[in-house]
Every structure is written in C-alpha cells, then in structure tokens.
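Hi,

Here is the structure we talked about handing over. Please open it alongside this email and read along.

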Amino acid sequence: MLLSRFPRISLAHLPTALEHMPRLSKHLGGPEIYVKRDDCTGLATGGNKTRKLEFVMAEALEHKSDTIVTVGAVQSNHVRQTAAAACKLGLRCEVLLELRVENPTQTYSESGNVFLDKLFGANIREYPAGTDFDKAMLKVADEVKAGGGSPYIVPGGASDRVGALGYVNCAMELLGQCNEQGLIMDHLVTATGSAGTQAGLIVGLKAMRSDMPLLGIGVNAPKDTQEQRVYDLACETADYIGQKGVVSRDDIVANCDYIGDGYGIPTKSMNDAVLLLARLEGLLFDPVYSGKALAGMIDLVTSGYFEGAKNIVFLHTGGSVALFAYADQLNT
Ligand SMILES: *Cc1c(COP(=O)(O)O)cnc(C)c1O
C-alpha cells in the first residue's frame, strides 16, 4: 500500500520518536507505556495537524490556490499549524474562530494558539458557538474570490480523507518502528476530536494487516456520535486509497467518559494527569485534548482495562501551547 501517488509536501519532522516512559509505567504498575511523539512534528511547536497538512496543503497547491480558509476553536492547534504552513508556502490564511468555550478568561482569548495565529499574520474572524461553518467558510471563500483570490477550504482539524492520509502514514511509521525495535504493542491510544487522526490510524493499521487495537479518547462528542464520525471518515479514507472494506465498525472504539463539563473545560483528572507527566517524565500535555486523553488512559490502566497487555503506546498529539492559555485555570 503506497501513499506516494498522493500529492504531498514536506512540513513535518518525521519519523517522530517512539519513547518509553519508564517512570510513568512504574508509577501506574500496569503495562509498559510508550509515547509516540507527534507533539514534536516541528512546525510552529508541532502537533498532529502537521502530518495531515502535508497532504492537504499539497492539494491546495495543486489547485493553484493562494488563500487558505479554515476553522477552529479559539485555542485551535489546527488553526495555528495551518497558519504557519500557509506562511511557509507563501499563502494567505483566513481563519474563522468559533467562540465555543463560554465565558472565556482574558488569557484564554488572547494567549496560546490565538496569539500565535496573529503572529503568523492570519486574518481572524470570530463567530458564535454553533455557527454553520460549512456555510460560513463558503461565504468567506466567495469574498476571497470577489477580491481576485483563489481560496482553498481546509475543514476543521484538516479531517477529511486527504488529511487522514497523514495518519495512515503514521500507522505505517509506528508499525515500522515496532518492528525495528522488536516491540509488540498491545494497544494504541489517542485523543479523538474531529476524527481524522483515529480514522487515518485505523485505516493504516488494518491495511497493513495489523491487529493492534486502537482506542480513541473523546474530548467533545458523546461515544455514539464520535464512533460514527470516525467510522464514516475511515470508510471514505480506505476507499480513497483503494482499500475499500478494510475497516469494520467493530474496529472503531471511542471512550468519551473523560470530557467532563464539555470541550475545552478543564477537569480535575486532566489537571492531575498534566502534572503527573510533567513531574515523572518531563513531558508537556495540553488541557483540551492530550491531557484529557491521558487522564482517560491513566484511569483505564488503573482500572485494569489493559489487563494482559505488556506494552501500550499513547500517541501524543501535541497542543502544549494551549497550556499558556489555561495558565490561570490550572492548579500547579
Ligand atoms: C486536533 C487535536 C486532536 C484531535 O485530533 P483529530 O484528528 O481532530 O481527532 C488531538 N490532540 C490535539 C492536541 C489536537 O490539536
């Protein structure tokens, strides 16, 4: 299975490292826990969107676009990485920010990712929570056209069948690393939001005939909604790469028990997990995605969900820039 026939540009530092976390593993007393360092993809402090953008931005260039139009929450890591990629490729970037978190602090509204979006010169427009962004992005695209530009719309999280190729590729990379290091991973765990990461990973694993189970830990939607979203995108992606039927509904597992009061709202278990990993492993996780996923994984290790597993791997999707936006809401 080759991805080389799809347009791609190099944006990420790859392969990302696969590292053991001995102190966390010992502390939890369960399986040996590894971390796949997609927080270190390199572009503008890194994160999982960079792998997707290698394929998505290549499409934008094929379309001869000069302006990227995309959407995200105020502290969107996707928007930050897209804005940086646009700069690197000499494209303009129109950003639609959803005011998704209610009663934000001033720090949330100004620091972290949104500060970097401005640094990268993105043109930011703000919209109320629940806006129909498919429509709103088309409207902005029309404005760009009216001004003589050529827009390319990147969906939220770059989660379409093109962006998901980045995580098909990541699954192949991970399997190669396990092979080289003589490691059998009994489980792969990732945060799941706009679904492209989990969808791409499962397609990559199944297409490579790996039976490594994949668990997504949700940060936004309820379990049924999230699993359906991942499944739909996984099927579309499998089709796109000529692997139709490779993913079955049972391969898609999301646990959405660690969201707390909602997207972007801190939970105590996230706060504890962020501190634990900082102090045991010197690693930074974020309050919105990787921190909540980590809190879920820690709870599941402690409660015996991974019983019988020798090794598990957590995909670190990045996002630590958002820590600064939450500095006055986290207990250290
Ligand atoms: C976007 C994001 C995710 C979720 O990935 P999806 O592909 O949207 O499901 C996880 N972690 C971080 C840090 C992210 O920015």
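Below are some notes on aromatic pairs and on one strand.

This is a predicted model, in which local features need pLDDT of at least 70 and side-chain atom pairs count only at pLDDT 80 or more, while totals for chains, interfaces and linings use all residues. Residues are numbered from 1 along each chain as its sequence is written, and side-chain values use heavy atoms, with hydrogens and water left out.

Searching the whole structure gives 6 aromatic pairs (Phe, Tyr or Trp rings, taking the six-membered ring of Trp, with centres within 6.5 Å; planes under 30 degrees apart are stacked, over 60 edge-to-face, the rest tilted). One of them is Tyr108 with Tyr326: the centres are 5.5 Å apart and the planes at 85°, so this pair is edge-to-face. Tyr108 sits in helix H4 and Tyr326 in the segment after helix H12, 218 residues apart (helices are DSSP runs of H or I with at least four residues, strands are E runs with at least two, numbered from the N terminus). Both tyrosines, Tyr108 and Tyr326, are buried (under 20% relative accessible area; exposed is over 50%, partly exposed in between, with a 1.4 Å probe and protein chains only).

Tyr263 and Tyr289 also pair edge-to-face, at 5.8 Å centre to centre and 75° between the planes.

Now to strand E7 (residues 187-192): 6 of its 6 residues are buried, so E7 is largely enclosed by the rest of the structure.

Happy browsing!
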